[in-house]
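Good morning, everyone, and thank you for making time for this short talk.

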Amino acid sequence: MYRYSIFYVLVAIIVAIGFGGTDVSTLSAAEKYEEEFPSWQFLQQHYKGRYFYRGETTEKQIALTFDDGPSPLSESILDLLDRHNIKASFFWQGGRVADHPDTMKRGLDKGHTIANHSWDHPNGADFSPEKLWQEQVLPTTESFREIIEHKPSFYRPPFGAISRTQIDYLSDR
C-alpha cells in the first residue's frame, strides 16, 4: 500500500512539473504573438533596409521625427527648424493632407523627409496586410502624390504596431 501511494505522489509531481500549472493554450498564443510581432530590435536585424528602429552610425546624432500631422502646429515646427537649419522627418496622415497642402509643400521644399503615417491613425496590427495596404498606406501615398507630387519612401505604423506578415507584404509594394 505504501509503495502505491508513493507512486501516485510521484506521478502527481511529474504531471504538475510537466504542465507547470500553466494554461498551454495561453502560452501557445503568446508564442504565436511573439513570432508575428517580435521586438523592434529583432525586426531591424531581420528586415535590414526595410525596417528602421535605430540608425547605424558611430557619430553622435539625433533624428527628429514628428507624427500625426500635418496640422497648424506643423507650421510652427517648420519655422523653428528653419531658424536653426535643422532637418527632420514628418510622418503625416493621409486624411489630413488635403487641409494643409502648403505645409506639406513647404516641408518638402525645405528638404525635410515627408513620409506616410497611415490614413487615419488606427492600430493596424490586426489588419490583414491587404487591408492595411488598401485602407491606410495606399490612399495616403496617393494623396501625397496628388497634393505634393511626392511618393513617400517610408511608412511608420501608428503605435509602432506592425506584424512580420505586414512588413513582408508592404515591402513588395
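I will start with the sheet and then turn to a group of salt bridges.

What you see is a predicted model, in which local features need pLDDT of at least 70 and side-chain atom pairs count only at pLDDT 80 or more, while totals for chains, interfaces and linings use all residues. Residues are numbered from 1 along each chain as its sequence is written, and side-chain values use heavy atoms, with hydrogens and water left out.

The open sheet has three strands in the order β1-β2-β3, with parallel pairing; strands are DSSP runs of E with at least two residues, helices are runs of H or I with at least four, both numbered from the N terminus, and two strands pair if DSSP finds at least two bridges between them. Because β1 (65-69) and β3 (113-116) stand at the edges with a single partner strand each, one side of each is left without a neighbour in the sheet.

Now to the salt bridges, meaning a side-chain nitrogen of Lys or Arg within 4 Å of a carboxyl oxygen of Asp or Glu. Which residues are linked in a network of salt bridges? They are Glu-75, Asp-79, Asp-82 and Arg-106.

Glu-75 pairs with Arg-106, with the closest N and O atoms 2.6 Å apart, and since Glu-75 lies in helix α4 (residues 72-83) and Arg-106 in helix α6 (residues 101-109), the pair ties together parts that are 31 residues apart in sequence. Arg-106 also meets Asp-79 at 2.6 Å, N to O, and Asp-82 at 2.9 Å, N to O.
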